[in-house]
Amino acid sequence: MEKIVILTGAGISAESGLATFRDEGGLWAAHRIEDVATPEAFERDPDLVHRFYNARRTQAARVAPNAAHRALARLQERHGGEVVLVTQNVDALHEAAGSRAVMHMHGTLAGALCARCEARWPAPLVMSTQDACPVCGAKATRPDIVWFGEMPHGMEAIWTHLEEADVFAAIGTSGNVYPAAAFAQHAGRAGAHTIELNLEASYNTRDFAETRLGRASQVVPEWVGAVLGD
Ligand code: BV8
């Protein structure tokens with residue numbers, strides 16, 4: 001049976017009520033990346049960075065998965081071949097929809113990390129510079145999120161999955177951020193059929209053999225239905 005590798009981005013969570021990054025009124029309209037999503041930003045103003053992620057963590061706790069998340073969980077459940085789900089998203093909506101083994105390449109809002117000893121633990125809803133690391137006691141706790149200039153998680157395994165994929169689908173991502181934006185080309189070169197499911201053609205739309213435009217809650221269940229033949 002076909003091995004399917006999927007990459008999701010902020011667009012799959014948009015209809016659940018979470019802001020994307022680069023759309024109208026998106027996160028980068030309200031904050032500059034340099035001020036809230038880089039290690040230098042955290043060095044410079046950790047309170048501002050904590051405020052940015054506390055707001056997103058609180059918002060993410062309030063929303064529910066939509067039909068697109070549920071369709072991917074159904075695909076994982078019902079497809080005879082391997083389905084690998086990689087997400088750039090830091091929310092937990094794939095898990096809430098029943099997906100398993102989700103690879104959060106950019107980290108998660110649910111995780112906390114010690115900038116001193118690299119210990120990890122479940123993040124409280126509100127994090128602050130006054131929190132002490134439960135392992136080393138340093139007041140150096142940060143969101144367990146991959147910022148710009150930091151290495152995304154699981155890259156070795158992801159490149160191998162892409163080389164083994166028969167189908168690679170990118171869902172709700174603008175194709176602006178690397179290395180995720182290079183996945184379609186990498187999978188295509190290794191022989192995968194590449195498909196983008198998005199509200200509008202992504203920045204790297206030329207890397208895809210097939211494009212299905214529309215809202216994720218529409219096009220993802222349709223695509224999953226076609227794959228499962230039901
Ligand atoms: C690294 C966590 C190296 C934070 C994020 C120049 C050229 C190439 C690369 C670079 C360069 N300069 C710098 C770089 C590297 C940099 C990069 O790519 N920069 C870009 C801006 C040029 N990348 C990095 O720094 C990465 N690390 O390269 O490390 C290294 C090597 C060795 C050792 C150490 C380090 C790290 C990147 C990760 C950064 N962290 N997020 C947070 O979440 O707060 S990235 C951030 O953008 C999010 O994670 C998100 O996943 C990602 C991409 O955004 P999208 O998910 O695509 O969202 P976006 O809003 O852009 O698009 C939404 C899409 O949905 C749109 O297409 C829209 O049409 C669609 N949509 C909207 N509504 C719907 C919909 N679709 C369907 N239905 C709807 N209803």
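Reader: How many residue pairs are in polar contact across the interface of domain 1 and domain 2?
Author: Two residue pairs, both at pLDDT 80 or more. A polar contact is a pair of N or O atoms within 3.5 Å, where one must be able to donate a hydrogen and the other to accept it, and residues adjacent in sequence count only if both atoms are side-chain atoms. This is a predicted model, where local features need pLDDT of at least 70, side-chain atom pairs count only at pLDDT 80 or more, and totals for chains, interfaces and linings use all residues. Residues are numbered from 1 along each chain, and side-chain values use heavy atoms, without hydrogens and water.

Reader: What area do domain 1 and domain 2 bury between them?
Author: About 910 Å², 60% of it on carbon and sulfur atoms. Buried area is the accessible area (1.4 Å probe) that two parts lose on being put together, summed over both. In domain 1, Ala10, Leu18 and Val90 lose the most, together 51% of what that side buries.

Reader: Why are strands S3 and S9 said to stand at the edges?
Author: The open sheet runs S3-S2-S1-S7-S8-S9, with parallel pairing. Strands are DSSP runs of E, at least two residues, numbered from the N terminus. Two of them pair if DSSP finds at least two bridges between them. S3 (103–104) and S9 (210–213) each have a single partner strand, so one side of each is left without a neighbour in the sheet.

Reader: What makes S8 and S9 a pair?
Author: They share four bridges, in the parallel sense. The rule needs at least two, so they pair.
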